[in-house]
Amino acid sequence: MKLKNAFTSKLPNVKTTIFTTVGNLARQHHAIDLSQGFPNFETDKNLINLVSNAMKQGHNQYASMPGFYGLREIISEKIESMHGKTYHPESEITVTVGATQAIFTAISAFVHPGDEVILFKPAYDCYEPAIELNGGIPVFVQLDADGYQIDWDKFKSRLSSKTRMIIINTPHNPTGHILNKKDMLQLQEILRETNIIVLSDEVYEHIIFDHNEHESVSRFPELASRSIVCASFGKTFHVTGWKIGYCVAPEVLMEEIRKVHQFAVFCVDHPVQRAIATYLKSPNHYLELNDFYQHKRDLFLDGLKNSKFRFNPSKGTYFQLLDYSNISNERDEDLAKRMIVSHQLACIPISSFNVDNRNDNMLRFCFAKKDETLKQALDILCTF
C-alpha cells in the first residue's frame with residue numbers, strides 16, 4: 001500500500017504559495033526581489049543589542065504562556081494611547097509567533113465544521129487554508145480593482161445564519177487600501193444584532209500615508225467587543241524573521257484563543273520579548289514609521305511618473321500595485337514570470353489572491369527596500 005493513497009488530504013487544493021514560487025524563480029535568475037514583504041536594510045542595532053543583553057541576563061528559558069507580562073503591559077499602554085481602548089495585560093493580550101500564528105489560532109478556536117467565514121478578496125493567502133483545516137467554509141466578497149473599496153451592501157448579502165466570523169485587513173495587503181471611519185461604522189452597524197466574530201488583521205498598523213489615520217477596530221466599542229486584533233512586531237521593526245506578534249481581544253474571546261495557543265506553541269521567544277518590551281518604551285520607534293515608508297513610496301512612484309504603468313498611490317502597508325493595462329495583454333502570472341526571467345525583477349501577480357484567479361492586470365511591488373534597490377528596479381520598469 002502506498003502511503004499517499006491511505007489518507008485523504010485536508011487541504012487537497014493547496015499548492016506551493018506564489019511567494020515561494022516567485023522567490024525561487026527570483027533567486028534562480030538573480031533578480032531584484034520586490035516580491036515578498038521583507039526589508040533588505042538593517043535592523044536597528046539598539047534592538048539587536050537589547051536581545052543580546054536579554055540573553056546574557058539569563059532570559060533563555062520559557063516565557064509565560066501568554067507572553068512576558070512586561071511586554072503585555074506596554075502593548076496595553078500603546079493601544080490605549082493610540083486608540084483609547086484598554087486591554088487588560090493579564091487576560092486580554094497574548095504574544096504570538098507572528099501575526100500568522102495569531103490568525104491561525106483565532107480561527108482554530110472559533111470556527112467549527114460548517115461555519116462560514118467571510119473574506120474580502122484579494123486576500124492574504126493564510127486565511128483560507130486555516131478556515132478549511134477547521135472545517136469552515138470560506139465565503140468571498142470580491143473587491144473591484146477600481147479602488148478596492150468594500151461594497152457593504154454586497155457584504156450584507158453574503159451574511160447568513162451560518163456566518164461565524166469575518167476577516168478584515170487594514171491597511172490591506174496586497175492592495176494598500178485602508179478602511180476609514182465610515183467603513184468601520186458601517187461594519188459596526190451591520191453586525192449589531194449578530195453574534196459574528198471579527199478577526200482584524202492590522203499588521204501594518206503603523207504604516208499609513210498622506211496624513212490618514214489607522215482606524216483600528218479597537219476604536220469602536222461595539223466592534224471591539226466582538227473583535228480579535230492581530231499585529232506584528234516583525235513588520236513594525238523590520239525583523240520579519242523573528243516571527244513575533246500579538247493579539248488582543250475581550251477576555252471571553254481570549255480565553256478560548258489561549259486554549260489553542262498553549263498547545264500550538266505554548267510560548268514565544270523569551271529574550272526577544274524582553275527586548276521589544278524595552279524598545280516600545282520609546283514611541284518614536286513606531287510613530288516615525290509613516291514618514292520613513294512614505295519617503296520610499298514617493299520615491300518609487302515619482303520614478304514611475306513617465307512610465308506606462310498606472311497606479312493609485314498606496315494608502316498603507318509597504319506595497320504598491322501597478323496596473324500594466326497599457327503595456328501588455330498577458331495574464332499577470334505570465335508577465336511577472338517574464339519580468340523575472342528576461343528583466344531580473346520580481347513582483348507578485350495579484351490574480352493569486354482573487355476569486356477564481358481573476359486577472360486585474362495588477363502586479364504588487366514591495367518598496368520596503370534600500371533606496372538604491374528601488375532605483376535599480378525603476379530603471380527596469382521604465383523600459384516597459
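Is Tyr293 buried or exposed? Tyr293 is buried, with a relative accessible area of 0% (buried means under 20%, exposed over 50%, partly exposed in between, with a 1.4 Å probe and protein chains only). This is a predicted model, in which local features need pLDDT of at least 70 and side-chain atom pairs count only at pLDDT 80 or more, while totals for chains, interfaces and linings use all residues. Residues are numbered from 1 along each chain as its sequence is written, and side-chain values use heavy atoms, with hydrogens and water left out.

**Aromatic pairs**
- The structure holds 19 aromatic pairs (ring centres of Phe, Tyr and the six-membered ring of Trp within 6.5 Å; planes under 30 degrees apart are stacked, over 60 edge-to-face, the rest tilted).
- Phe120 and Trp152 pair edge-to-face, at 6.1 Å centre to centre and 70 degrees between the planes.
- This pair links distant parts of the chain, with Phe120 in strand β3 (residues 116-121) and Trp152 in helix α6 (residues 152-158), 32 residues apart (helices are DSSP runs of H or I, at least four residues, and strands of E, at least two, numbered from the N terminus).
- Both Phe120 and Trp152 are buried.
- Phe292 and Tyr293 also form an edge-to-face pair, 5.0 Å centre to centre with 80 degrees between the planes.
- Phe292 is partly exposed, at 34% relative accessible area.
- One aromatic cluster is formed by Phe41, Tyr204, Phe292, Tyr293, Tyr318 and Phe319.

**Helix α14**
- Buried residues in α14 are Asp332, Leu335, Ala336, Met339 and Ile340.
- Seen down the axis of α14, the buried residues fall within an arc of 135 degrees, so they line one face of the helix (the arc is that of the directions from the helix axis to the C-beta atoms).
- Just after α14, Gln344 has a positive phi of about 55 degrees.
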